[in-house]
Amino acid sequence: MKLLNYVSLFSSAGIGCYGFKQQGFKCVATNEYLSKRIKIQQFNNKCEFSTGYIQGDLSEREIQDKIYRELENNNVNDLDVLIATPPCQGMSVANHKKNNEIKRNSLVVESIKIVSQIKPKFFIFENVRAFLNTLCTDVDNIEKSIKEAIDSNLGGTYNILSKVINFKDYGAQSSRTRTLVIGVRKDLINVSPHQLFPKEQKAKILKHLISDLPSLKIMGEISKDDIFHSCRSFDEKMLPWIETIKEGQSAFSNIEVERIPHKIINGKMVFNKNKNGDKYARWYWDKVAPCIHTRNDILASQNTIHPSDNRVFSIRELMRMMTIPNEFKWSNIEFEALNNLSNEEKKKFLKQEELNIRHCIGEAVPTKIFEQIAQNIKKVLNQKVLSINEINKTIQEYNLLDLNILKNFIKDNPLKCDMNTLYNIAELSNVNRSETKAYFTREDIVFNVISKLPSFDNKKSIKILEPSVGIGNFLPLLFKKYKNIPKVILDVVDIDKNSLGILKLLLEKTKVPKNIIINFINEDFLLWANEYSYDLVIGNPPYGKVINEKSLLESYKSVSQNKDTNNLFSFFIEKSIKLGKYVSLIVPKSLINAPEFNETRKMLEKNNLHSLTDYGEKAFKGVKIETISFLLDTYKKEKLEQMKIESYITNTLIYQNKDYIFSKEFPYWLIYRNEFFDLIAEKMELDIFETFRDRQITKKHTLSSGKFRVLKSRNIDNNKIKDIESYDCFMDEIDSFVVSKYLNQNDIVLVPNLTYYPRATFLPKNSIADGSVALLKAKDGINITQEHLNYYSSEEFTEYYKIARNRGTRSLNIDNNSVKFFGLLKFK
């Protein structure tokens, strides 16, 4: 098994990421500003090499370069994990001296820059509740929220999940409400950030956590068996303030005024301030431990007083609350040797080290939290992912095309498959898959879609529709997304009753939350007589065309606005818009440029588009089809001027003005449009050609020699025709083919169809072309020269053309829309 590795930034004493050490991860480099804290990491042998301990200000280039050098020194070309827990004083509710903290908060941006540079498989950011909403100065020197900075810089490369959670519900033994951000690089197939989050679990009450430790009644007392279990001394004048208060009470609730925390100024009693309401407060035995702050050493901090003893919690008690293991070292002196010191020597040691230890504990991530994340990362990276061929082999071996056998296979799970694999097997075993034009949607892609959905935080109930549910790939992550909404009604529709049957079996293996009510509906969604509207319609509709069922196609078109297509997904879009306040679908990328979807695009533009994600060919395992997803709302009166454009092709996330990418200057949406494209478009006179492509000639019509040459895409070069042995073909009779009308016409331009690398030449005499070549005819009065055609092979035009074709790889037919981008260069 490969040894996994990580880098830790702003790591303090390394308490949180000690969990990664427990799981066998190798620390390549760790950065901390204070030397007294990085020494604690050294005591715990965190890094293999001494150069891995990098002390200093991370905003300095020299410090960052040291981190990059450590990656080289350790031969790490693809880092597994980067952890960053930047300073939080400017965000914390416990800090009453914030002043202008934007510069300090901008240390977060240094973490973002390093993630962008290194591109680890995973990144983890942890900070206070207000983390994501806090302002920072981003890499573009613009002040924005930290969430915006993370999304704009890392959202193109990573699927990112952020949650505000209380760590006590996830394995810690003290209350600690924090923001946890996990990013998963998008090339990690079937891995979503949800898989890495620590598991929900119940914390112990304080009595069950620390009551076995000896009571400490005497100020300065040190447990004979544990130097870190001691009664920290405090000013004796404070003892009357706390000695009579009960669990849950504060010294400020004392009735006797002399027992209320105060100072004597000029002979007068002046009461101390109690800003958070939890100073000088005694905690409860029967509750989970309180949040541990950096000033856990003083009575005046929040909830620091032991339930029975008149003292603050000891270091050992704090360690248990923060799940720091006993073997964690606070000194280069072994624990046994420390315990063998004389009492005076112990006091001297604590006087030197206790405050640093306590402060480190107070600013740490509970070890158990990061240990679970590390364990989950190991699991996803080491799990065997079956290929399509392996799954098909399993289907054949177990005869899973038989529905009853498939059902028993899912129930028994003889191969102990994880749920993703079971879903994939179930999908590929569906004998009606080709007929229903359904494709398995991977978890990472599902996460990408669902992460953009509205949260509906203020709603007590919502209704969701999945119009082509198949085996329910979207459902598990929908459960997670909306687990905190009291009531979720989920209507799942599918035309294939067998798919719904398989879905029910898979759901028996999935923990369906109590707030989810699922209604299974076996109907043709497009003909379904539904009376309800929905808060959200989400799914992956079928992509096929209705070809041989004329009456069915007429039925679909009769209730659809777009009559120019027979593609199912277009009909699904229209009906979904009619039913949903929000609509999010994965559909073929041809939607954004093909002429048959001109009307569909107009309809989408009229609604309020929020985002569009271009997956290229990366959305479906084993299926060569380009897809996009979109999110829109149908009900808001105020329309967004911009929309988010995310690309799996360029690994970018940007905001584009809708008027810009939907401009009527061009025949369809240009989601990658930029200044370079505009500059080139301005240099040309566009929309000068009409186009034709043959739809009749096939291999059976051609010969190895003959009267007329039939040119194919590979024959087309820059201003010339290439001869290719065993590829060239001919015909003797062409009169029955429509393409024959172009025979020996002047100035017919040939351009290969379905290519990212355009090139052009004139149609030679006694030649025609098959459907792999587009024939371009200039409109009346336009003169085309070889110099014009030369430009189509230039690097400049090639990059322009990629943008014009929305960086497609398969949706590249030269049609009446796309031909308009072949312009005539305006020579000076």
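This note covers a helix pair and an open sheet in a predicted model.

1. Basis. In this predicted model, local features need pLDDT of at least 70 and side-chain atom pairs count only at pLDDT 80 or more, while totals for chains, interfaces and linings use all residues. Residues are numbered from 1 along each chain as its sequence is written, and side-chain values use heavy atoms, with hydrogens and water left out.

2. Helix pair. Helix 15 (residues 419–428) and helix 19 (residues 497–508) have axes that come within 11 Å and cross at roughly 170 degrees. Helix 15 is therefore roughly antiparallel to helix 19 (an angle over 145 degrees). Axes are lines fitted to C-alpha atoms, for helices over the stretch in contact, and angles run from 0 to 180 degrees between N-to-C directions. Helices are DSSP runs of H or I with at least four residues, strands are runs of E with at least two, and both are numbered from the N terminus.

3. Helix contact. Met419, Leu422, Tyr423 and Ala426 of helix 15 meet Ile502, Leu506 and Leu507 of helix 19 (contact: heavy atoms within 4.5 Å). The residues of this contact divide into 7 nonpolar, no polar and no charged; Ala, Val, Leu, Ile, Met, Phe, Trp, Tyr, Cys and Pro count as nonpolar, Asp, Glu, Lys and Arg as charged, and the others, Gly among them, as polar.

4. An open sheet of 9 strands has the order 14-13-12-15-16-18-17-19-20, with mixed pairing (two strands pair if DSSP finds at least two bridges between them). Strand 14 (516–522) and strand 20 (652–657) are the edge strands, each pairing on one side only. From one strand to the next, the twist averages 15 degrees.

5. Strands 12 and 15. Strand 12 (residues 461–466) pairs with strand 15 (residues 534–539) in the parallel sense over 2 bridges. Leu536 in strand 15 is the bridge partner of Ile464.

6. Helix on sheet. Helix 19 lies across strand 13 (487–494) and strand 14, at about 160 degrees to strand 14.

Definitions and conventions: Angles under 35 degrees count as roughly parallel, over 145 as roughly antiparallel, 65 to 115 as roughly perpendicular and the rest as oblique.
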